[in-house]
Amino acid sequence: MNAVTHSGPVGTRERLLAAAAELTRVDGWAGVTMGKLAAEVGVSRQTVYNELGSKSELAEMLILRETDRFVAQVGEVIAAYPGRAVDGVTAAFREILESARGNPLAAIALGGAQGGRDDFLPLLTSRPEAVLGRAVETVAALFSRAYPEVPLTASEWTVAVEAFVRLLLSHLVQPSGSAEHASGQTRWVIGRMLGA
């Protein structure tokens, strides 16, 4: 992501991102304009550009913001399963799948809503390091710290988590049942990958 100058007061960027997320939820990605954002937050259009850059940079910021929320959610879930790696990873998979299915930004990012493909989908396909790389590295570190008894190196955790994330994306793009059903199927894969 290109660096964007922080020119406004602290909190302006977060207010703009929150407003952009809400506008996307209500009007779809195609309905989000810098002018609407400026009016919604009560700042000038120039401030919007200074804080967020282009619309494609805004798309990336929104997706990374949601990714960080999902990662935090994973941390909360696995804290409830100390010493039970397969249970914890499976529960995290199910929780994120349920959350993502109900998340309008995730739907747009995966091409499930009109106007979403042009700017959002490339973040997950042509430039996956922006989103997938960040999520995989952070979640792999979380799992490694939470489950030191699992006989995986740091790089093996990274490979395993990338496989889990790709399975998750597959279930989001082509759902074949409930999140519970999907996580039940995935539990076997998780167990084998973790050596359980």
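**Note on charged side chains in the predicted model**

1. Asp87 and Arg187 form a salt bridge in this predicted model, with their closest N and O atoms 2.6 Å apart. Because Asp87 belongs to helix 5 and Arg187 to helix 10 (residues 179-193), the pair ties together parts that lie 100 residues apart in sequence. Arg187 has a relative accessible area of 36% and is therefore partly exposed.

2. A network is also present: Glu14, Arg65, Glu66 and Arg69 are joined through salt bridges that share partners. The count of salt bridges comes to 10.

3. Another salt bridge links Arg13 with Glu51, where the closest N and O atoms are 3.8 Å apart. Arg13 and Glu51 are both buried.

4. Lys36 and Asp27 form a salt bridge through their side chains, at 3.6 Å from N to O. With a relative accessible area of 36%, Lys36 is partly exposed. Asp27, at 38% relative accessibility, likewise counts as partly exposed.

5. On the surface, a patch of negative charge gathers Glu76, Glu95, Glu98 and Glu180. Of these residues, Glu95 is placed in helix 5 (residues 85-101). Glu95 has a relative accessible area of 31% and so is partly exposed. Patch members must have over 30% relative accessible area and no salt bridge.

Definitions and conventions
Residues are numbered from 1 along each chain as its sequence is written. This is a predicted model: local features need pLDDT of at least 70, side-chain atom pairs count only at pLDDT 80 or more; totals for chains, interfaces and linings use all residues. Side-chain values use heavy atoms; hydrogens and water are left out. Patches are made of residues with over 30% relative accessible area and no salt bridge: like charges are joined within 9 Å, nonpolar side chains (Val, Leu, Ile, Met, Phe, Trp, Tyr) within 5 Å. Accessible areas come from the Shrake-Rupley method with a 1.4 Å probe; for residues, only the protein chains shown count as cover. A salt bridge is a side-chain nitrogen of Lys or Arg within 4 Å of a carboxyl oxygen of Asp or Glu. Lys and Arg count as positive and Asp and Glu as negative; His and the chain ends are not counted. The place of a charge is taken as NZ of Lys, CZ of Arg, CG of Asp or CD of Glu. Helices (H or I, at least four residues) and strands (E, at least two) are DSSP runs, numbered from the N terminus. Buried means under 20% relative accessible area, exposed over 50%, partly exposed in between (1.4 Å probe, protein chains only).
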